[in-house]
Amino acid sequence: MAQKTGLGRRYIRAFVSGFFVAVPVTVTVLDRLAYVARVDGASMQPSLNPEGASAPDVVLLNRWSVRNYQVQRGDIV
């Protein structure tokens, strides 16, 4: 019984340490590199969301290019 308790504590400790590593990494990636967004309005039609509000598009927003001013003519920003 003592080994099961020690084994459970080891798994909990591994989960908590992994959690404290994964959360800051995920927040940094979403803040600095890329972000997943849903386009569900008529403002970007017909390029995005051509059917209207019935079928929203999901896009990956590249924040790295915008921060480094690598945006070119014709890009959706």
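How accessible is valine 23, and does valine 23 count as buried, partly exposed or exposed? With a relative accessibility of 36%, valine 23 counts as partly exposed, where buried means under 20% relative accessible area, exposed over 50%, and partly exposed in between (1.4 Å probe, protein chains only).

## Model and confidence

This is a predicted model, in which local features need pLDDT of at least 70 and side-chain atom pairs count only at pLDDT 80 or more, whereas totals for chains, interfaces and linings use all residues. Residues are numbered from 1 along each chain as its sequence is written, and side-chain values use heavy atoms, with hydrogens and water left out.

The average pLDDT (the predictor's confidence in each residue, from 0 to 100) is 77 for the protein, and 74% of the residues score at least 70. Where pLDDT is low, the predicted coordinates should not be read in detail.

## Overall architecture

The protein holds 2 helices and 2 strands, arranged along the sequence in the pattern α-β-β-α; helices (H or I, at least four residues) and strands (E, at least two) are DSSP runs, numbered from the N terminus.

Of the 77 residues, 10% are buried. The accessible surface comes to about 6800 Å², of which carbon and sulfur atoms account for 62%, the areas being taken from the Shrake-Rupley method with a 1.4 Å probe, with only the protein chains shown counting as cover for residues. Among contacts (heavy atoms within 4.5 Å) between residues at least 6 apart in sequence, 45% join residues at least 24 apart.

Leaving aside neighbours within four places in sequence, leucine 30 is in contact with Tyr35 and Arg63, and its C-alpha atom is separated by 9.8 Å from that of asparagine 62, 32 residues apart along the chain.

## The salt bridge

A search of the whole structure finds 1 salt bridge, defined as a side-chain nitrogen of Lys or Arg within 4 Å of a carboxyl oxygen of Asp or Glu. The side chains of aspartate 31 and arginine 32 meet in a salt bridge at 3.6 Å, N to O; aspartate 31 is partly exposed at 35% relative accessible area, and arginine 32 is partly exposed at 43%.
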